[in-house]
Structure formats: C-alpha cells, structure tokens
Amino acid sequence: MAHEVQNFNLDQKFDFTAGIKKSIMTVLLIGAALLVVGIVLAMMGGGHAEEGAEAGGHAFHWYQRLFANIWINNVYFTGIAIVGVFFFAIQYAAQAGWSAPITRVMLAFGNWLPIAAILMVASFFLMGHDLFHWWHAELFDKASPEYDSIIDGKGAFFYWPMEKGTFPIFYIARMVIFFGFWVFFFSKFKKIAAAEDQLGGTSHWFKMRSWSAYFLVFFAVSSSISAWDWVMSIDTHWFSTLFGWYVFASWFVAGLSSITLLVIFLKGKGYLEMVNENHVHDLGKFVFGFSIFWTYLWFSQFLLIYYANIPEESVYFIERLESDVYGGFIFVNIVMNFVLPFLVLMTRDAKRHGIFLKLVCTLLIVGHWVDFFLMVQPGTLGHNGGIGFMEIGTFLVYGSAVALVVLGGLAKGNLIPKNHPMLEESYHHHI
Amino acid sequence: MERDTHFVLGVYEDEDVLMNAVKQVRSSGVKIHEVYSPYPVHGLEHALGYKRSRLPIAAFLFGMLGTSLALTMQFYMMKFDWPMIIGGKDFAAFPDFIPVSFEMTVLLAAFGMVGVFMVSSNLKPWAQPRIFDLRITDDKHVMAIDLAVNSGMDEEKIKEILSSSGASEVNNKSFDE
C-alpha cells in the first residue's frame, strides 16, 4: 500500500531562528521593565495596614505582592507544562490516531518542568512563610492566643512526621516527589520518542502506551493533591472537595490553548504540512469543550457554597465578590473563560480557521491566569492585591521564559514522529 | 401530492465504482435525486455535492427558546406568582435559576433537533417511504434520477450515461402518490 504521508518532509525540524528568539526576548524585556516599575511603585506606595482574613496579623510589605505574583506564575506555568505531557500521554493511552503528527508539540511543553521544579521549591523556601498562613508556629501552640484549633487539626497534612509548626516536611516531600516523577515520566517519553525516530517499528509505540498509562494514574492523584497543596492551602481554613478538579480544568484549558496556538504558529511558519483544518478542528473542539467543563466546575463549586451559605465555606466567595479589588474580576473571569469562548467557538467554521482560534486561545491563556490570580491573591494579599504593572510584568517574564524553553526543546528533536505507526491514519483524518 | 413520478435507477455492485459513477454522472450534467446504499459510504456526501446541514441552526434556536422559557417561568413563579423565601435569598435569585435553565435549554434543543430532523427527512409516523429497490438493504447501491428534474435530457441518453458509468443494471421505477 502506498503511504501518502511519504510525500511530506517527515524529517523536518523546527528552526528556532534568531528572529523568533529576538521577538520573545523583546517581550521578556518589556515584562522585566514593567516588573521593575511595579516593584518601585509598590515600594513607594506601601500597603494598607488592614488585615486580610488569613493575613495573620502581620504588617504588609511590598515584597509580599511580588511573592504572590511569583507563586501564581509558578503554579500556572507548571500546569501548562504538565498538561502538555498529560495530553501527550492521553493520545497514547487512548491509542489516538488523529493527533500523531502533533504529539511532539505537546511533549515539548514538558521542557519547562525541570525549571518549574527548581523555581517552585526555591520560592517555597524563600516565600512560603509569607504566602502560607499555616507556616506560623504559634497557630499550633495551645498556650498561644493565636492558637487555631481548625488549622491544628489540619496540621499533620503539612508537618507529619515532625511536630506541627516546625518544618513542613510532608508538604515539601510531596512537592519534590510530584516534580520528580513528572520530570522522570517526561524524560522517559522523550527517550522512547528518540528511539522510535531512530529505529522505527511498533514496539516503541506499545512501550509509550504502557508508560502513558502509568503516568496517567500518577497524574490523577498528583494533580489533585498539588492543587490542594499549592493553591487551596493558601486559604487554610477553607476547603472545597472539587478544588483539585477545578485547578486541573483551569490548567487543562490553558495547556490546550497553548498547544493549539503553537500548532497554528508552526503551520504559519510552514511546518507540519500534513496537519490540516481537520486536526485544527479537533484541537478547537477540545478547547471549546474543556472551557465548558471548567465553567461547569467553577459553577458547581459556587452554587453549592452560595446555596448552603455556611459561613466557613462562603467566606471564600465573600472575600472575593464583596471586595473592591477582586469583585469585578470574578465577572471578567467568567466572561473571558466561558462566555466569549463559548460564543466565538460555537460554529464549525470558527474551530477550523486559525484566526478565531488564535483569538480565543490567547484570550483563554490570559483568562486562566486571571483565574489563578483570583485563587491566590485574596488569601495572600487581601486588600493590597490587584492587577498592576507588577502582575503584567511577572506574567510576561514567565510567559516568554516558558516560550524560550519550550521552543528551544522543540527545536532539538524531530518535529514529526516519522515512525509513528498511525501517521498515515492521521493524514486521512476527516471530520 | 397527487402526481406520478418517474425515476431511472442505476444499480451498482461496488462502492468504488459508485463513487466514480457519481462524479461521472454529475459532470455529464444529470442531476442525481439520491443515492441509496446498504451502509455509509465514506465521502459520498462530498461527491454528491451536498451542502452542510442546517440542523445546528434549528438546535441553536430551540435551545434559545428553552433558555428563555425556563427563565420566564422561574422568574414569574418566584417573583410574582408564589414568592417564597428559600435559604434567605432574594425571591428572584439568578444563580438558582441556572441549573433549570440549562436543563431546559438542553431538553428543547434535543427535542427540537429530533423533531426538525424527522420532519425534514420525511420520517413522520404516517409517511409512506418510497422503496426504490429492495436490494438497497442488502448488497446493492442504487442511484435514483428524477426524470421530471432532468426534463431537458432524453431518457435513453440518461440510461446510456448510467450504464457507461459502471451500473450493472438500469431500471425504471414509478410511484403514483
């Protein structure tokens, strides 16, 4: 049987030209400049002395805002990186054929993971005390007036097996283990992919499928627990049982949008000729569908808390909705991440044509950053938060750093898995 | 409709022959009424030049109808007809209405879509289906050509085009309705 994919250049590699590097560096420098302006403004402006619910009675320092920003972007871009690997693993575990030529694009996002791990662990040690209310020894001291029986009850989740209030060894162990395994699986996938390119045959595909299944089991547990650890524990008293899924959905939509944008970008540069509007359509459907999934989770969390109106639960939304700083962003969040993507991507044509997808994916990447902003800042900064130069600057610096690392990693390997057994099937994908 | 309709049928054995025949017949200027096959033939709808279905538009409109009906109903009941305090919320508390509105949207969109599909595909319970050839449920593909639509062309000419395109049989079929 003649294979029509042989008509395409299957050995192509992404050329990370100086021109692309330069434009990403420009964004990075603009971001850095905005960040410096933001820091200077924050140093001069000082903070209100008001105490947020979880602020723990400390006076506000300008650097806390910087810490919160770094934490938001740590969590957010770790999510985009791991979702690239997750979506890659899904393709193999589900034995998907349509996505064969773009699997390497998904995998490339994992290149950020080792850097994300270092940043996350380092910033936890440097800033954890300012970010996490539970990192205060007096909360666990029955003799102290600051003693908090609710947090004391949850203390073992952070400090076990050490004494509560000392050193959060269990928390740090989880962080290190999650990142360790994520990086391990990522490099395993990369190794198998490289071997497949060299040797061919179907055995690598079967190997990849098994490792994908192991990864998915590990990711199911680790993604939920990391969401509790890194995001939900900021509001230490509060809890929500679907928070792990909610954070995962936010990560997933942002990751899918990034993958789609990168595929459209590569096609615009003349790569991936065998990827046509049918494949783009499927990516568009994923973005559309999971935007709705995110909304479903967001609303499920909101409605139950709103309806039951139990004080210890509704405090989360009262802190946000009734705040001058965050109240408006709740609605911005819903419009950017649900209303606009839903209306724009509803028709078939919008999912098949690059221009609409580019617009919506960019909107969603910013929109889900806003979502994480709303999860992190009210609990860490209270009234002293908001979106200013510092927020935009940190986001741009992180975003362009991720772009540099991901594209650099993509340029190293083959762009198309030329020995993937389903490449021909993918070429004939019609929807 | 009280009128007789006359068709010419081309019977094909093989789906590849059928696909080529469809292209050939269309390019020779004959308008095809419909092609019947025992199983879905991939790409046939493209070869026949079918336009995209407008069913999604019906679904969207029925969905909108569902949303507005649900919101009107709940707003009227909760605000005017029988106001009740539930959980200390306002009488007309918008977040409470969303689940019901969502369900009504889905329900009416689905029902509307099925209904429109049945009407437009002549699947009414009392409809008399036209059976062109019993073998289309077994192993033959049948291309039906309406003579009234192709009145500019000679019947013999059409039959010739069909057999030269690979039809194993060329038959006549009439319905009196």
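Reader: Which residue stands opposite B:V142 in β3(B)?

Author: This is a predicted model. In chain B, strand β2 covers residues 34-36. Three bridges join this strand to β3(B), and the two run antiparallel. Opposite B:V142 stands B:Y36.

Reader: How many bridges join strand β1 of chain B to strand β3 of chain B?

Author: Strand β1 spans residues 4-12 and strand β3 spans residues 141-146. B:V8 has its bridge partner in β3(B), namely B:I145.

Reader: How far apart do the C-alpha centres of domain 1 and domain 2 of chain B lie?

Author: The domain assignment gives domain 1 of chain B two segments, 4-52 and 130-176. Domain 2 is 55-120. Between their C-alpha centres the distance is 45 Å.

Reader: Where in chain B is confidence highest?

Author: The mean pLDDT of chain B is 91, and 98% of its residues reach 70 or more. Confidence is lowest in strand β4, residues 169-176, at a mean of 88. It is highest, at 95, in helix α3 (residues 55-81) of chain B.

Reader: And which helix of chain A has the highest confidence?

Author: Chain A has a mean pLDDT of 93, with 97% of its residues at 70 or more. The lowest element is helix α16 (residues 423-427), at a mean of 91. The highest, at 97, is helix α9 (residues 243-268) of chain A.

Reader: Over which residues of chain A is the pLDDT below 50?

Author: Where pLDDT is low, the predicted coordinates should not be read in detail. The stretch in question has 17 contacts in the model beyond near neighbours in sequence. Its pLDDT is below 50, and it covers residues 49-56 of chain A.

Reader: Is A:I264 buried or exposed?

Author: A:I264 lies in helix α9 of chain A. Beyond its neighbours within four places in sequence, it is in contact with A:V280, A:G354, A:L357 and A:K358. The cut-off for a buried residue is 20 or more other C-beta atoms within 10 Å. A:I264 has 21, so it is buried.

Reader: How far apart in space are A:R352 and A:N278, C-alpha to C-alpha?

Author: A:R352 is in helix α13 (residues 348-352) of chain A. It counts as partly exposed because it has 18 C-beta neighbours inside 10 Å. Leaving aside neighbours within four places in sequence, A:R352 is in contact with A:E277, A:V280 and A:H281. A:N278 is 74 residues away in sequence, yet the distance in space is 7.0 Å.

Reader: Which peptide bond is cis?

Author: Most residues other than glycine have a negative phi, and most peptide bonds are trans. A:P161 is found in the loop between α6 (156-159) and α7 (169-199) of chain A. With omega near 0°, the cis bond runs from A:W160 to A:P161.

Reader: What is the phi of A:N309?

Author: A:N309 lies in the loop between α10 (277-308) and α11 (311-321) of chain A. It has 12 C-beta neighbours inside 10 Å, so it counts as exposed. Its phi is positive, in a residue other than glycine, and is near 55°.

Reader: What is the phi of B:N122?

Author: B:N122 lies in the loop between α4 (94-120) and β3 of chain B. With 10 C-beta neighbours inside 10 Å, it counts as exposed. Its phi is a positive value, near 60°.

Methods:
Residues are numbered from 1 along each chain as its sequence is written. Chains are lettered from A and ligands numbered from 1 in the order in which they are written. This is a predicted model: local features need pLDDT of at least 70, side-chain atom pairs count only at pLDDT 80 or more; totals for chains, interfaces and linings use all residues. Domain bounds come from an automatic or database domain assignment. pLDDT is the predictor's confidence in each residue, from 0 to 100. Helices (H or I, at least four residues) and strands (E, at least two) are DSSP runs, numbered from the N terminus. Two strands pair if DSSP finds at least two bridges between them. Two residues are in contact if their C-beta atoms, placed from the backbone, lie within 7 Å.
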